[in-house]
Amino acid sequence: MSFPVLTVNELAMKFGTSEVFKNISFSVARGETLGLFGKSGSGKTTIGRCIVGLEKPTGGKILVHGEDILSMGKKEFRKLRPKIQMIFQHPETSLDPRMKAFENLIEPLKIHSGLKQDSLLKRGEELAELTGLRPEHLVRYPGHLSGGEIQRIVLARIMALSPDFIVADEPTSMLDVSVQAQILRLMQKLQRETGVSYLLISHNLEVLRKVCHRIAYLENGTITSIENINRGIKT
Amino acid sequence: MKNKNSPFFILLIILLTCAILITSGCSSKEENNAKEAVSGMEVASGSDAVSQQEGDSEDNTLVLGEMWEIDSINTINGDGGTLICEKAAVTETLVGANEDFSLKPGLASSWKQLDENTWEFKLRENVTFHDGSEMTAEEVKFTLENVIKANTKVASMLKVDTIEAVDDHTLKIKTKEINPILPGILHYPDTAIISPSSFDESEEFIKPIGTGPYKFESFDEQTRILTVVKNENWWGGKVGLDKMILKGIPDPNTRAMAIENGEVDFTVDVPYSETDRIDAIDGITVEKYKTPRVYKLDINLKHEPLEDIRVRQAMSYAIDRHAIAEHVLYNVGEAAAGPFLPTMVWANKSLSPYTRDLEEADELLTAAGWVDTDGDGIRDKDGKSLNLNMMTYSARPGLPPMAEAMAAQLKEAGIDVEIEVMEMGSIYDRKEKGDWDLYLAAYNIAMVPDPEYILTNWYMTNGTDNGPGYSNQKVDTLITEARKITDLEERYKKFNEVEAIVNEEQPMIIVAYYGCAIVKKDHVKGYVFDPTAHDYRINAGMYIEK
Amino acid sequence: MKYLIKRAGFMAFTVFAVCALTFFLMNVIPGGTAELILKHTLIGLEESATEEQLSQISSRYNLDDPLYLQFYWWVKEAVLRGDIGTSYIYNKPVLYLLTLRLPATVQLAGASMAIATLAGVSLGIYSALQENRISDHILRIVTLFGVSMPGFWIALILIIIFSLKLKLVQVSGYGNLENLILPAAALSLHSVAAVMRVTRTSMLETLGQEYIRFAKAKGLPVWKIISRHALKNAMLPVVTVIGFQMGNLLGGAVVIEKIFAWPGIGSLLVDSISARDLPMVQGCVLAIVTMFLLVNFIVDILYTHLDPRIRYG
Amino acid sequence: MSLLEIRGLSVEFPAGENAVKAVSNVSFEVEEGETFGLIGESGSGKSVIGLALLRLLPESAVISGEVIFQGQNLFSLKPSELRNIRGKKISLMPQNPAGALNPVLKNGLQIEEVFEERRVDKKEGMKRSLKLMKKLFLTDPEKLCTLYPHQLSGGMRQRLIACMSLSFEPELLIADEPTKGLDPEAKAGAVDLFTKIKKEYGKTMLLITHDLDLALEVCDRIAVMYAGEIVELNEASKVLNTPVHPYTKGLISAQPRNGLVPLRGQSPSRIKLPEGCFFNERCRCSGIECSKKHPEIKKHKGGWVRCHFQSLQ
Amino acid sequence: MVDTMDNAFAKKLKKEDVLITEVYGSEFSKRLFQRKDMLFALVALLLFTGLALFAPFISPYDPNANELRNKNLSPSEDHLLGTDYLGRDLLSRILIGARTSLSIAFGVVLISLITGTALGCAAGYYGGIVDEGISRVIDVFLSFPGVIFALAIMGVLGRGVFNLMLALSIVQWAKYARVMRGQVLSIKKQEFVLSAVTSGADDFYIIRRHIVPNAIAPLIVLATIDIGHVILSIATLSFLGIGLPADVPEWGAMLSAGKEFMRTAPYQTIFPGLAITFVVVIFSILGDGMRDILDPNHEGGEIY
């Protein structure tokens with residue numbers, strides 16, 4: 001196995017006196033999908049948020065390419081941010097409702113690349129194509145898009161940053177079965193094409209078994225076992 | 001549990017809260033009454049006052065709509081002196097005044113000046129206080145000494161050194177310096193005589209016990225209703241009313257509506273514009289009088305264009321005093337000439353008000369170099385427009401509209417005036433800084449029935465009310481000379497001369513005499529207007545005849 | 001309990017801050033305090049004061065001391081002895097004057113609040129149930145114009161109609177219920193409309209909820225659905241609005257008290273401000289803010305009663 | 001005769017100048033004692049049917065067609081008659097248990113009120129309910145009654161609602177998306193719950209769900225809905241194991257355990273429905289006919305299918 | 001940016017899907033035209049603003065020129081709305097007064113909107129001590145009845161248009177700040193903000209691009225309705241004698257000055273009173289309409 005993209009070491013989180021989780025350790029290799037299974041309220045989402053830096057754990061280490069993001073300075077971390085991205089559970093709030101889909105899509109490009117308008121448009125279209133979006137979707141406001149369409153835009157938007165690692169927090173639990181399949185397949189396709197790694201958080205074991213290389217089981221605030229699904233790691 | 005889940009439970013709670021609030025209001029009222037009772041005050045409880053109010057169908061009770069809030073009944077510190085003496089007729093002063101402001105005996109039957117600094121007052125005999133005790137020189141001395149202690153204004157005017165009770169009915173007053181107007185000051189309501197029993201043991205003022213035609217009965221501090229009843233044993237003879245209830249109604253509109261609605265029998269100063277309409281109502285009469293107060297416009301002489309006497313005269317010609325008196329004051333007041341009412345004995349009767357003359361104003365302004373060169377309707381000189389500001393305040397309702405009217409009239413003469421209606425504090429501040437041009441105010445001109453006080457304060461260099469900063473050697477000399485003259489004729493002559501000079505020089509423009517509109521029900525009989533009173537005076541002869 | 005303590009502490013802080021604000025605000029007002037005290041007490045509004053009189057007043061009320069010291073003393077006296085000063089103008093303890101005036105304002109505001117609540121809530125419910133029918137439209141248009149008219153204008157019109165034309169009530173006065181009717185009606189008008197609108201909206205919103213549908217599916221009759229299921233839920237935002245209306249009522253009371261010569265705190269405050277009677281202003285502000293905070297505190301407690309989902313510590 | 005017969009039911013919601021066609025021309029029958037499943041993805045119009053039956057849709061909805069329940073057309077009943085049916089003969093188990101319980105009323109009261117209108121003694125009724133609650137895996141039901149809905153877990157709330165809906169042993173129970181908004185554990189519990197309900201009561205049930213597992217587990221017959229109309233109707237095992245309609249096939253193979261094969265595209269706009277088959281654009285085996293002519297529903301192998309090519313399947 | 005983007009896609013859209021843009025494109029204006037009351041209010045507002053703007057040209061008389069002999073006249077051919085207590089033409093004064101009233105109201109609302117938004121945003125976004133500090137200030141300002149506060153501030157500042165604006169703004173801003181804070185608190189937790197954070201956007205970018213645009217709608221509604229409230233507050237302050245200088249034609253001051261003549265010359269209060277009422281009504285309707293348009297989830301009108 002190649003050098004892990006992400007390593008989580010003895011991560012712990014406390015709110016006041018109650019422990020949400022502790023002793024969370026795992027690592028994800030390039031091009032790998034690690035499933036994180038747990039019941040609702042088991043702290044899976046919080047782990048995901050800690051990894052992308054939206055919350056600060058109370059203990060442990062998170063290493064991205066071997067660097068501890070928790071001990072980084074604000075500026076340094078901001079540089080690293082594009083590399084670790086997150087897909088959220090609720091599509092209805094995942095895009096800025098006051099910006100058209102396309103603006104949402106190219107926002108990260110605007111922040112990070114000094115691209116001119118023309119090239120922005122071009123790159124945006126490329127990304128839209130990559131995620132199977134049609135122009136009619138791009139000129140609408142998120143309020144007029146379906147959950148599946150929004151998750152596609154979210155994926156396109158994330159891919160704009162060419163991330164190494166994506167935390168997907170129940171990305172399909174709010175979607176219909178047929179759409180769920182679409183999105184999961186799209187994620188797999190993107191993984192094949194770019195070699196991105198996923199941490200797929202879900203309470204649906206069937207889904208995890210279908211798409212993950214390994215599954216970590218979260219119980220009572222700690223990882224009890226990591227199961228290898230016999231799929232081999234594609235690079 | 002059932003109950004709590006009921007939706008009407010919410011309404012119940014809300015109502016309950018409101019009810020608690022209301023009852024708490026009531027209960028605290030009771031508490032107050034209890035408190036008042038403890039402190040020994042004879043104050044009617046709220047409900048008593050109400051029943052009195054309802055019971056005013058008693059034939060000979062007058063309900064009076066007073067123009068100020070009734071806050072205090074303390075006569076010696078100046079808070080309630082005017083009210084208790086003039087409007088409630090509970091107390092009386094040593095000296096009285098006639099309609100022409102000459103003095104007449106009051107509680108003192110006569111007085112004379114023994115030497116430059118000594119006065120002797122003979123007191124009226126057989127005058128008793130409402131508590132039954134007789135008024136002697138001791139009580140008078142007690143009153144005056146207390147007033148001097150508590151009331152700096154009166155003290156500074158009286159300039160008293162010592163007071164001595166020579167015998168029961170003779171009082172000797174020594175002043176620190178010569179003070180020819182001393183008897184006049186003793187006409188001032190704040191010097192009204194009260195019995196020492198008005199105070200409690202700890203020398204706190206509790207209630208006014210005077211000698212007047214009406215006795216203090218109660219004052220409800222909460223509803224602020226003052227009730228006085230007939231003094232059967234008044235030295236002056238028969239008293240017309242059995243009872244008088246005084247309610248403070250500070251808003252002129254409300255006063256008008258109250259008398260129209262029959263809630264009060266007598267009130268003053270309804271909005272001037274309403275006087276004619278109310279007079280036309282059956283059963284209500286409006287009488288308009290002049291009172292010793294003038295509307296005057298101070299001019300800041302330190303301000304360059306206003307230094308010029310011609311500009312000031314032009315302004316005076318531009319102002320249409322008669323139109324203002326008729327249309328702004330609705331004839332509650334009159335166009336003014338000098339600072340004194342023509343009816344006053346000492347007034348310079350040869351003066352007459354400036355009449356509007358825009359040509360004269362134009363000539364004077366042109367002569368002074370102010371011409372409208374740029375055609376914007378405002379005169380200018382050396383590239384500067386004739387822009388002035390005019391400060392005034394709204395405590396007296398006639399002032400703001402008068403200012404607006406004058407501004408428009410001055411504009412016709414090519415003078416631009418911006419009006420600023422301000423708080424007293426701000427006006428004071430601006431005057432301190434000298435950052436003003438014109439100041440319209442209403443001034444009392446007979447605080448003391450003598451011209452010296454006003455002329456000194458207004459026109460002498462550094463006089464306390466010399467707002468314009470006027471300084472004229474001749475005026476100063478005349479006033480200083482007149483002060484020492486005890487012969488009234490001679491005194492007044494000097495003062496007339498001063499009036500003539502300032503009328504010519506117009507350091508302040510006297511616009512109009514203040515008026516007073518007495519509004520009363522026709523069944524109120526026997527009312528006599530007293531021009532020497534501050535607002536109005538209730539006389540003992542008033543009665544009700546339905 | 002913990003919540004209550006926190007809440008009380010916060011209220012104390014707010015009261016303190018408001019007092020401090022008032023104190024320093026009043027002291028930056030141009031014009032000498034001493035001069036104005038003199039004008040309002042001894043020498044008369046239009047006369048000038050002498051230097052001697054000014055310095056006498058200044059030393060009597062410690063006006064020459066630095067502001068922070070003056071404030072410190074005020075706070076110290078207030079906290080230690082419950083003495084919030086003596087009015088310059090009335091020459092009496094502020095607390096005493098407040099106890100004289102407070103009941104009037106409490107009565108006025110309380111009555112107005114009662115009217116606003118009763119009328120507002122019932123009209124709001126009626127309007128919601130008649131949604132988009134003629135009576136609903138009329139009610140909403142009437143209240144819209146009602147809120148859009150300046151309060152004092154309404155008050156004057158009410159006086160003209162009810163006192164002068166119909167001769168139903170007295171123009172001014174204080175003491176009995178009859179006198180309370182017009183001022184309370186005039187004062188509450190804006191609040192009635194506000195409460196009505198919130199009730200209507202909230203009622204409509206509640207009626208669209210799933211549990212109302214379920215109640216219908218249970219076969220409950222309409223009146224029960226409304227009285228049991230809708231009303232209590234719809235009341236939640238209304239209760240908050242009623243609390244806030246207290247602020248409007250207290251503010252509006254200033255004007256209404258002036259017009260009706262109602263001896264309350266509002267008119268006292270206005271007079272005290274222009275007379276620069278600082279201790280009196282402080283006292284009035286203290287009373288008004290405390291009243292406002294207390295009412296909102298009660299509203300909060302009420303809210304927790306109404307909504308079992310909220311439980312404070 | 002069947003217990004419930006729906007003939008040509010259409011529901012439209014006006015939206016500006018257009019109308020959203022939520023349900024178009026749906027007909028099916030529910031036999032006495034059977035559990036009938038309506039399945040479909042979100043927005044397929046299945047829940048609207050459930051609400052339309054009991055006339056619980058908002059007033060703006062335009063409904064046509066007939067619903068015959070025990071020989072009565074529910075759409076022509078007077079409100080009072082309808083109330084007698086609601087809750088008593090037909091009861092609705094609403095989706096979203098969190099929203100269906102009034103948050104400010106205690107659970108006990110909400111159960112109690114079911115009896116209020118039925119002239120059943122409350123104590124008697126409560127006893128029955130308590131028994132029922134115990135049967136439906138609720139421990140300590142007495143205590144539950146004194147709590148507020150927010151103090152219960154999702155699964156408990158759902159059981160509580162089930163309990164309310166069943167208290168009267170209605171002829172027909174409509175369960176609207178019973179698993180929506182539940183956490184995974186509670187979802188698993190729902191299968192047990194419904195199996196139990198079915199077993200214990202054996203009454204007729206109309207189960208509206210998007211959960212294929214639940215439908216397979218509980219239902220006798222299933223109708224699959226797509227874009228507001230029924231595309232396939234047959235015995236449950238047949239529909240889910242040997243589907244005929246391409247949409248049903250796609251739906252099943254999109255399940256993770258069946259290979260996670262995505263259906264391409266998405267449901268058509270409901271304002272402007274396509275001329276031909278609604279599923280045409282997404283269909284893997286559409287022909288020329290499919291884009292031109294809207295297919296009628298036809299009998300096929302003991303069930304019904306709405307496809308031009310059903311004979312080819 | 002958005003326009004070029006739309007244009008770029010418009011070309012492709014023609015082939016693909018014209019219908020959709022037609023349906024979703026002109027949402028705002030469509031909703032606007034669906035509401036007749038809103039249209040009426042807009043037209044009335046335009047009318048009022050137009051009158052205010054062109055007041056100096058269309059008013060028949062100099063609003064400050066008085067002719068004492070013609071005081072307190074009822075409406076006539078010469079003076080369409082009559083004259084006031086100094087014989088000034090009421091129509092001219094109401095027209096010029098519209099400028100004063102409207103511009104003060106706009107000014108106040110703008111100042112408090114900007115201040116409130118900025119402070120509310122800072123409090124909600126940064127939380128912690130910043131929030132604690134700002135929130136306490138907001139609470140203090142809100143626990144003070146507005147009119148009384150304005151009264152005190154006007155006492156400090158003295159009369160004048162600018163001072164009045166300042167005083168009312170000081171009273172108003174806290175309301176906006178509180179609403180803004182609440183909005184920001186809920187928005188900053190939403191996923192699209194979080195994803196902007198994970199994209200590496202800085203605070204200023206997030207506030208500017210995401211927080212403010214999404215939080216501002218209720219504030220705009222509040223501001224619209226508030227314009228009417230401010231006009232009412234001005235009238236109240238004028239009534240208490242501390243509004244504007246007496247000769248500045250302003251509706252509240254006119255109404256207040258005319259109250260003395262309510263019975264002898266009622267038109268002096270009727271016309272300014274109606275002017276105030278109408279403008280307040282207009283802004284209430286507008287605000288309510290805005291609420292519906294900006295927030296389609298909010299069902300039904302609240303006002304009128």
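**A salt bridge, an interface and a helical chain**

Glu206(A) and Arg257(D) form a salt bridge, with 3.4 Å between the closest N and O atoms; the term stands for a side-chain nitrogen of Lys or Arg within 4 Å of a carboxyl oxygen of Asp or Glu. The model is predicted, so local features need pLDDT of at least 70 and side-chain atom pairs count only at pLDDT 80 or more, while totals for chains, interfaces and linings use all residues. Residues are numbered from 1 along each chain as its sequence is written, chains are lettered from A and ligands numbered from 1 in the order in which they are written, and side-chain values use heavy atoms, with hydrogens and water left out.

Between chain D and chain A the count is 1 salt bridge. Across this interface, 19 residues of chain D are in contact with 20 residues of chain A, contact meaning heavy atoms within 4.5 Å. The size of an interface is often given as the accessible area lost when the parts come together. For chain D and chain A the buried area is about 1,600 Å², with 52% of it from carbon and sulfur atoms; buried area is the accessible area (1.4 Å probe) that two parts lose on being put together, summed over both. Of the area that chain D buries against chain A, 35% comes from Pro256(D), Leu260(D) and Gln266(D), more than from any other three residues.

Cys219(D) counts as buried because its relative accessibility is 7%, and Cys283(D) because its value is 9%. Buried means under 20% relative accessible area, exposed over 50%, and partly exposed in between (1.4 Å probe, protein chains only). Over all chains there are 0 disulfides, a disulfide being a pair of cysteine sulfur atoms within 2.5 Å.

Chain E has 13 helices and 0 strands; helices (H or I, at least four residues) and strands (E, at least two) are DSSP runs, numbered from the N terminus. Of the 304 residues in chain E, 59% are buried. Among contacts in chain E with a separation of 6 or more, 69% join residues 24 or more positions apart.

On the surface of chain E, Leu47(E), Leu51(E), Leu53(E), Phe54(E), Phe57(E) and Ile58(E) form a nonpolar patch. Helix H4 (36-53) and helix H5 (55-58) of chain E each supply at least two of the patch residues, and H4(E) gives the most, with 3 residues. Ile58(E) lies in helix H5 of chain E and counts as partly exposed because its relative accessibility is 42%. Patches are made of residues with over 30% relative accessible area and no salt bridge, like charges being joined within 9 Å and nonpolar side chains (Val, Leu, Ile, Met, Phe, Trp, Tyr) within 5 Å.

Conventions:
Areas by Shrake-Rupley, 256 points an atom, 1.4 Å probe, with all protein chains shown as cover.
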